[in-house]
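I opened the notebook today to follow a sheet, a pair of helices and a single side chain. Below is what I had on screen while I wrote.

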Amino acid sequence: MAEADGDVTLDALRTALRSANSVFVLTGSGISAESGLPTFRGVGGLWRTHRVEELASPLGFARDPELVWTWYNERKAAHVRAQPNAGHYALARLEEAIGDFTLATQNVDSLHLRAGSKRVLELHGNLREARCTGCDARRRFDADGLPLDQIEHFCGGRFRPDIVWFGEPLPPAVWREAEAAAARADVILVAGTSAIVYPAAALATHYNERAFVAEVNPEPTAISGRVDCVLRSTAAELLPQLLGDLELPRPT
Ligand SMILES: NC(=O)c1ccc[n+]([C@@H]2O[C@H](COP(=O)([O-])OP(=O)(O)OC[C@H]3O[C@@H](n4cnc5c(N)ncnc54)[C@H](O)[C@@H]3O)[C@@H](O)[C@H]2O)c1
Ligand SMILES: [Zn+2]
């Protein structure tokens, strides 16, 4: 682990990327902070006045679906108002230069997709669709969110956000793809996550002992002591800088 000299560590990451055939990126809410979306721990609004289980768990939803949808509708509106930042765009550019590139995100804000990333694994779901707890019917919703009088489905179930809540398993196919991508990567880039929400955090360090692992985060995290290079900077500052002098060949 090297933290002393930012330029040296950035160069080490550039060198690793230039010879990488396969790159795996793991992002968390920090990458969207500079788009104006609050991180998990730095938040206001309902996170402050309600326990997380009330807003983001199957039990909380069963107890008060209107409260849960009010919260997610607010978040959806914030996501739609937000714009991808330079960090999201830099990762979309990196994907164009790497033959085997996978981006797994814990975010549900769709900003990677809006920035042009293509191989995106949304580990915790997304806020584009609702699905019925009874019959699995799906419906899209937009910036206005899901109207509270349309939560109940005629089958007797309820529409819920297509989000992985606390205590729920990750979507198995998405998880398998993420595990495989992490395992075969030559470089693993971890940006904007505190790396404490499992199993997502395990993708950074548990599947691959060979890869060069770099962390982009202004604060120390649970994995800072276990990675090959730590870049103490924000994603929107550092990722464009990283790409700036990288001069990667385009895959043929
Ligand atoms: N935008 C979203 O979709 C969103 C927002 C909030 C929470 N969540 C959910 O919250 C859970 C929390 O895990 P997490 O690790 O993603 O969030 P977290 O709040 O635990 O960690 C955020 C990390 O980002 C770092 N950070 C803050 N600003 C940054 C910046 N500008 N550039 C780079 N890093 C920055 C912080 O130092 C911190 O380590 C996840 O399950 C996620 O699904 C998602
Ligand atoms: Zn139904």
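**Entry 1: the model.** I noted before anything else that this is a predicted model, and I kept that in mind for each value I wrote down.

**Entry 2: the sheet.** I looked up the strand order and found an open sheet of six strands, which runs β3-β2-β1-β7-β8-β9 with parallel pairing. At its edges I found β3 (120–122) and β9 (229–231), each of which pairs on one side only. When I checked how neighbouring strands are turned against each other, I got 15 degrees on average, with direction ignored.

**Entry 3: from β1 to β3.** I went along the pairs and saw that β1 (residues 22–27) is joined to β2 by six bridges, the two strands running parallel; Val25 has Leu103 in β2 as its bridge partner. From β2 to β3, which also run parallel, I found three bridges, and here Thr105 has Glu122 in β3 as its partner. I then asked myself how many of the residues of β2 are buried. Strand β2 (residues 100–105) turned out to be mostly covered, with five of its six residues buried.

Entry 4: Strand β8 (residues 212–216) runs parallel to β9 and is joined to it by three bridges, and I found Ala214 standing opposite Cys229 of β9. Helix α10 packs on the sheet, where it touches β7 (187–191), β8 and β9, and its direction makes about 140 degrees with that of β8.

**Entry 5: two helices.** I next looked up how α10 (residues 235–244) meets α6 (residues 86–97), and found an angle of about 30 degrees with the axes 7 Å apart. Angles under 35 degrees count as roughly parallel, so α6 and α10 are roughly parallel to each other. Their crossing is left-handed. The contact includes Ala90, Leu91 and Leu94 of α6 as well as Leu239, Pro240 and Leu243 of α10. The residues of this contact divide into nine nonpolar, two polar and one charged.

**Entry 6: Leu203.** Is Leu203 buried or exposed? I found this residue in helix α9 (residues 202–205), and because its relative accessibility is 0%, Leu203 counts as buried. Not counting residues up to four places away in sequence, Leu203 touches Phe24, Leu26, Ala104, Leu123 and Trp175, among others. I also noted that Leu203 and Trp175 lie 28 residues apart in sequence and 9.6 Å apart in space, C-alpha to C-alpha.

Definitions and conventions
Residues are numbered from 1 along each chain as its sequence is written. Chains are lettered from A and ligands numbered from 1 in the order in which they are written. This is a predicted model: local features need pLDDT of at least 70, side-chain atom pairs count only at pLDDT 80 or more; totals for chains, interfaces and linings use all residues. Side-chain values use heavy atoms; hydrogens and water are left out. Axes are lines fitted to C-alpha atoms, for helices over the stretch in contact, and angles run from 0 to 180 degrees between N-to-C directions. Helices (H or I, at least four residues) and strands (E, at least two) are DSSP runs, numbered from the N terminus. Angles under 35 degrees count as roughly parallel, over 145 as roughly antiparallel, 65 to 115 as roughly perpendicular and the rest as oblique. A crossing is left-handed if the near helix is turned anticlockwise from the far one by less than a right angle, and right-handed if clockwise. Contact means heavy atoms within 4.5 Å. Ala, Val, Leu, Ile, Met, Phe, Trp, Tyr, Cys and Pro count as nonpolar, Asp, Glu, Lys and Arg as charged, and the others, Gly among them, as polar. Buried means under 20% relative accessible area, exposed over 50%, partly exposed in between (1.4 Å probe, protein chains only). Two strands pair if DSSP finds at least two bridges between them.
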